[in-house]
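Please look through the sequence and the structure shown here before turning to the notes that follow.

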Amino acid sequence: MLKINMDDVVAVLHSLVPYFIGMAVLLLLALIITFAVNKKTVQNTANRKLIHSESWIVVLIGMVVAVSMMVSGPLSTLLNNTASTKHELTSETKDRAKHLAEQVQSEAITMLQNKDSNLPLSGKKVNVFGWASSNPIYSGSGSGAMSTQYKTVSIMDGLKQAGLQANPELSQMYTAYRKDRPEIGMWKADWTLPEPTADHYTESLMNNAKKYSGQAVVVIARGGGEHADLPTNMKAKNVLYQDNSKSYQDFANGESYLQLSKTEQDMLDVVAKNFKNVTLVYNGANTLQFDFLSKYPQIKSVLWCPPAGQTGFSALGKVLAGSVNPSGRTSDTFLKNAKQSNTFNNYGDFAYTNADEFAIDGKSPVGQPLHTLPHFINYTEGIYVGYKFYETAAKEGLIKYDDVVQYPFGYGLSYTKFKQSMGKINYANGKISFDVTVTNTGNKPGKDVVETYYNPPYTNGGIEKASTNLVGFEKTGVLKPGASQTVNVSFNDADMASYDSKKAKSYVLEKGDYDISIQSDSHHVTDHQSLKIGQTIKYNSKSNTHDGDKTPATNRFDYTAGDVQYLSRANHFANYAQTSAAPTDFKMSDKAKSEFINNKNYKVADHNKASDKMPTMGAKNNVKLADLRGKSFNDPKWNHLLDELTFDDMDGLIATGGYGTKPIKSIGKVQTTFVDGPTALNNNFTKVGSIGFPAATAVACTWNKGLARQFGEMIGEMARDMHVVGWYAPAMNIHRGPFEGRNFEYFSEDSLLSGAIASSEIAGAKSKGVYAFMKHFVLSEQEIDRTSMLTTWINEQSLRELYLKPFEMSVKTGGAQAVMSSDNFLGPVYAGASAPLLQKVLRDEWGFHGMVSTDYFGNFGFLNADQIIRGGGDVMLATTTVTNHITDKSATSVIAMRRATKNILYATVNGWTYESADKAKSDNPYWEKIMYVVWGVTAVLAIGLEVLAIIRFMRRRNGADAVAVVEADTDSKE
């Protein structure tokens with residue numbers, strides 16, 4: 001959700017200053033004239049009064065003109081958004097959305113442990129422990145927040161709906177302890193974990209609980225959000241936390257948010273002492289540190305229930321009761337110690353100490369003065385992220401797998417058992433395929449997931465390759481006991497290629513034996529076969545590009561590697577200690593300084609080309625935007641349309657693209673509305689929202705592409721009800737580590753799983769005429785310093801294979817029409833102005849046609865519309881006037897403006913608002929109508945006052961003349 005940032009408030013006020021100055025000057029001049037023109041200076045009363053009247057009429061007109069310029073200029077975007085008509089979901093849409101949200105969560109809930117078949121619960125009555133049971137995590141904060149417009153199904157509601165009866169005495173104790181959940185907000189995060197201390201569990205309470213039921217369910221929850229990475233040290237000075245007891249601290253120095261607090265441990269001690277059959281429900285998107293499980297043999301079952309959205313906890317009740325069989329799989333690796341992540345030391349707050357020349361002075365969201373230096377983050381782990389590291393490191397002998405990993409990637413249990421049989425591999429014309437027969441060998445209906453991995457041949461010191469790589473997955477339908485389903489697995493040999501940034505500078509499929517396996521998770525092989533690739537294939541020519549690229553992928557990002565050393569598998573990860581250590585050099589290199597760009601040193605004139613010719617503007621070609629619907633991006637008619645636009649038309653479209661784009665009457669371009677966020681549609685201005693779905697992590701845990709597409713389709717249907725055409729989602733950054741605040745908003749640590757789910761959602765929304773802004777493009781894997789000129793250093797292989805992959809799939813498979821760039825820098829250049837990224841890769845290689853928006857256009861010191869449109873960006877997500885307008889009117893600038901305008905209009909005309917002529921209409925916003933009325937009233941009033949002033953002037957003058965005649969006659973008689 002949009003939050004007020006003091007920098008933006010200052011920016012709004014700053015943009016209005018010239019108008020206020022003009023109004024003040026007019027008022028001051030009128031006052032000066034009023035006092036200066038008096039009986040002494042102007043003795044003629046008629047003239048004096050006329051001057052007074054005329055000066056105040058000018059003030060009236062000037063004030064109206066100034067206010068009109070403010071509302072139609074700097075304030076127009078805010079007013080357009082707030083003046084939008086409120087459009088609500090229909091009852092039918094709400095009902096279907098609620099049902100689908102529950103269905104998503106029913107397939108997302110992942111059973112991590114179920115000893116002695118403890119689940120489903122054997123009885124109807126159950127004791128539910130943990131304060132989070134009374135106030136669970138429904139979503140995250142920021143753009144991924146849910147609307148408060150609709151009632152949410154709580155955990156207790158879900159249990160009741162499933163026919164389970166929770167101990168009311170326990171529930172009352174928790175709600176009495178605290179009703180509200182501490183807010184993890186964008187600008188202030190309260191990380192307090194409310195939990196009653198052990199003395200609340202009196203002997204009487206526990207005796208009653210044991211009499212009530214022999215089953216205990218414990219709920220532990222963890223939150224996160226935009227601008228809120230999870231604390232790695234709960235005792236750090238900047239971590240707001242209130243202990244549950246005055247006699248002890250919940251966390252010791254160095255303990256993280258993903259560990260249990262002392263009060264939670266005390267609660268578990270009490271529960272384990274009194275119950276033999278305990279189920280633990282973890283409610284959160286980040287992978288909790290489950291190292292405590294070995295201490296409690298009484299915990300027989302563990303369920304991972306990611307943030308559940310509006311109705312998802314209905315599914316949790318049904319899973320516990322057994323009417324729904326859990327079929328989720330982990331989208332991330334659960335570690336026994338979250339700080340043992342190989343990325344941990346290279347994640348966090350690292351400021352350059354020698355880059356003060358690039359510092360930006362401003363104010364914090366709460367108004368405190370800031371002196372922001374460029375920061376950096378090193379992706380030293382290379383391609384070895386998540387399971388790709390842990391599996392490969394175990395194979396190379398670097399780690400003992402079971403000492404490090406609690407639950408593998410792709411892991412999940414069921415109430416039934418399945419058998420998977422792998423058919424013979426067929427390899428022809430670059431296509432690899434085989435059948436997998438899945439049989440339910442248990443006694444309950446359920447769904448299974450077929451996970452396919454490959455292990456490529458690796459040469460010591462050669463191209464970096466992980467030993468385990470997900471290459472495909474499919475989820476079965478519901479299989480009854482004894483029933484089977486044959487799943488066809490098919491993928492291209494090019495999907496196993498690696499990017500060689502050092503020698504070939506292209507994707508390469510090396511010859512050798514590739515082990516193709518079906519697995520129950522990333523660590524356990526069910527069956528496998530060897531596939532021989534006879535000769536090395538390089539995808540480096542127009543006739544042989546990689547994965548359908550329009551132009552061959554080649555090195556574009558040598559400059560982003562910097563002077564960082566990256567993890568290598570060579571000699572059994574010999575450089576692991578060095579590359580996994582925290583940074584020690586906090587100085588920006590001379591080379592990086594010479595390439596670093598922000599608003600302090602960007603000179604637009606330095607980037608102009610004298611040879612560029614000024615395009616046509618303001619032509620009368622009578623071409624309307626609707627005429628281009630369904631036309632090719634390269635249709636000649638586009639040039640005729642663009643020739644009609646003026647500089648101001650294009651600037652208005654580009655500069656004021658926050659939560660929608662402005663109308664352009666001359667070409668019939670209507671106003672459009674875009675909204676947040678990944679799990680729901682939230683109009684920050686009308687305050688209308690949609691049904692909230694489970695978190696993106698939950699959708700990934702379903703491992704169900706069809707269900708993800710249905711979610712995208714429902715987003716499209718809800719958007720149409722709300723008169724929304726642009727969806728600021730899905731977000732597909734990688735879970736690089738367990739402490740990322742927006743992991744709830746992203747899918748997985750794996751690029752293929754992320755890309756498959758994201759592209760399915762995008763395709764679903766597109767089928768309803770809604771364009772999804774896939775985000776954040778690219779490398780937005782932490783919230784810390786996100787808007788502090790975060791120079792991100794990464795090698796090209798890992799950038800392409802991991803972080804770009806979901807976006808690539810979303811373009812090629814999902815048909816993405818819109819992009820939101822990220823706030824961070826790609827090396828020394830802001831990602832939203834990176835021509836190698838936005839032009840060479842996105843458009844030239846992948847063939848993307850559509851618009852690229854910035855993330856929220858705040859006063860951060862590096863967002864500059866002139867630079868952005870020249871680098872391949874198109875529209876500024878701005879609601880105020882800062883540096884979002886085009887200032888340069890050279891031919892080079894106008895050419896870039898035309899390109900950006902075309903990209904915006906191409907996406908616009910292919911959205912649902914242009915499906916028919918009646919939909920491609922928009923009324924003037926009410927503020928504009930009011931402005932016209934004020935103009936009319938002012939004109940009538942000014943004319944009336946002018947007439948009155950003249951009449952009075954004439955009367956006074958005539959009266960003065962008459963008096964003069966009388967006086968003259970008197971004088972003559974005397």
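**Briefing on the predicted model**

F860 is buried, since its relative accessible area is 15%, where buried means under 20% relative accessible area, exposed over 50% and partly exposed in between, with a 1.4 Å probe and protein chains only. This is a predicted model, in which local features need pLDDT of at least 70 and side-chain atom pairs count only at pLDDT 80 or more, while totals for chains, interfaces and linings use all residues. Residues are numbered from 1 along each chain as its sequence is written, and side-chain values use heavy atoms, with hydrogens and water left out.

**Aromatic pairs**

- F862 is also buried, with a relative accessible area of 0%.
- There are 49 aromatic pairs, counted where rings of Phe, Tyr and Trp (its six-membered ring) have centres within 6.5 Å, with planes under 30 degrees apart taken as stacked, over 60 as edge-to-face and the rest as tilted.
- The pair of Y282 and F290 is edge-to-face, because the ring centres are 6.1 Å apart and the planes stand at 90°.
- Y282 counts as buried at 0% relative accessibility, and F290 counts as buried at 0% as well.
- F860 and F862 form a stacked pair, with 6.0 Å from centre to centre and 25° between the planes.
- A cluster linked by ring pairs takes in Y282, F290, F292, W304, F334, Y407 and Y411.

- Helix α7 spans residues 203–212 and has L205, M206 and A209 buried, helices being DSSP runs of H or I with at least four residues and strands runs of E with at least two, numbered from the N terminus.
- Seen down the axis of α7, the buried residues fall within an arc of 90°, so they line one face of the helix; the arc is that of the directions from the helix axis to the C-beta atoms.
- E203 and K211 are exposed on the other side of α7.
- The cover over the buried residues of α7 includes β2 (125–129), α6 (168–177) and α8 (262–274), where contact means heavy atoms within 4.5 Å.
- In α6, the buried residues are L170, S171, M173 and Y174.
- These residues of α6 cover an arc of only 160° around the axis, which puts them on the same side of the helix.
- Q172 and A176 are exposed on the face of α6 turned away from its buried side.
- β2, α5 (155–161), β3 (165–166) and α7 are what the buried residues of α6 pack against.

**Cavities**

- The model has 11 cavities of 30 Å³ or more, a cavity being a set of points on a 1 Å grid over the protein atoms alone where a 1.4 Å probe fits but cannot get out, with lining residues having an atom within 4 Å of a point.
- The largest cavity has a volume of about 150 Å³, the volume being the space filled by probe spheres set on the points, which are joined across faces, edges and corners.
- Its lining is made of 16 residues, of which T287, T333, G737, P738 and E749 lie nearest the centre of the cavity.
- By class, that lining has five nonpolar, eight polar and three charged residues, with Ala, Val, Leu, Ile, Met, Phe, Trp, Tyr, Cys and Pro as nonpolar, Asp, Glu, Lys and Arg as charged, and the others, Gly among them, as polar.

- V909 lies in helix α24 (residues 891–909) and is buried, with a relative accessible area of 0%.
- Leaving aside residues up to four places away in sequence, V909 touches L625, A626, L628, R629, W638 and Y914.
- E783 is in the loop between β26 (771–777) and β27 (790–793) and counts as buried at 5% relative accessibility.
- With residues up to four places away in sequence not counted, E783 touches G225, E226, H227, A228, D229, R742 and Y746.

**Backbone geometry**

- Most residues other than glycine have a negative phi, and most peptide bonds are trans.
- The peptide bond from L119 to P120 is cis, with omega near 0°, and P120 lies in the loop between β1 (110–114) and β2.
- D116, which is not a glycine, has a positive phi of about 55° and is found in the loop between β1 and β2, where D116 counts as exposed at 63% relative accessibility.

Conventions:
On a 1 Å grid over the protein atoms alone, a cavity is a set of points where a 1.4 Å probe fits but cannot get out, and a pocket is an open set with protein on both sides within 12 Å along at least five of seven lines; lining residues have an atom within 4 Å of a point.
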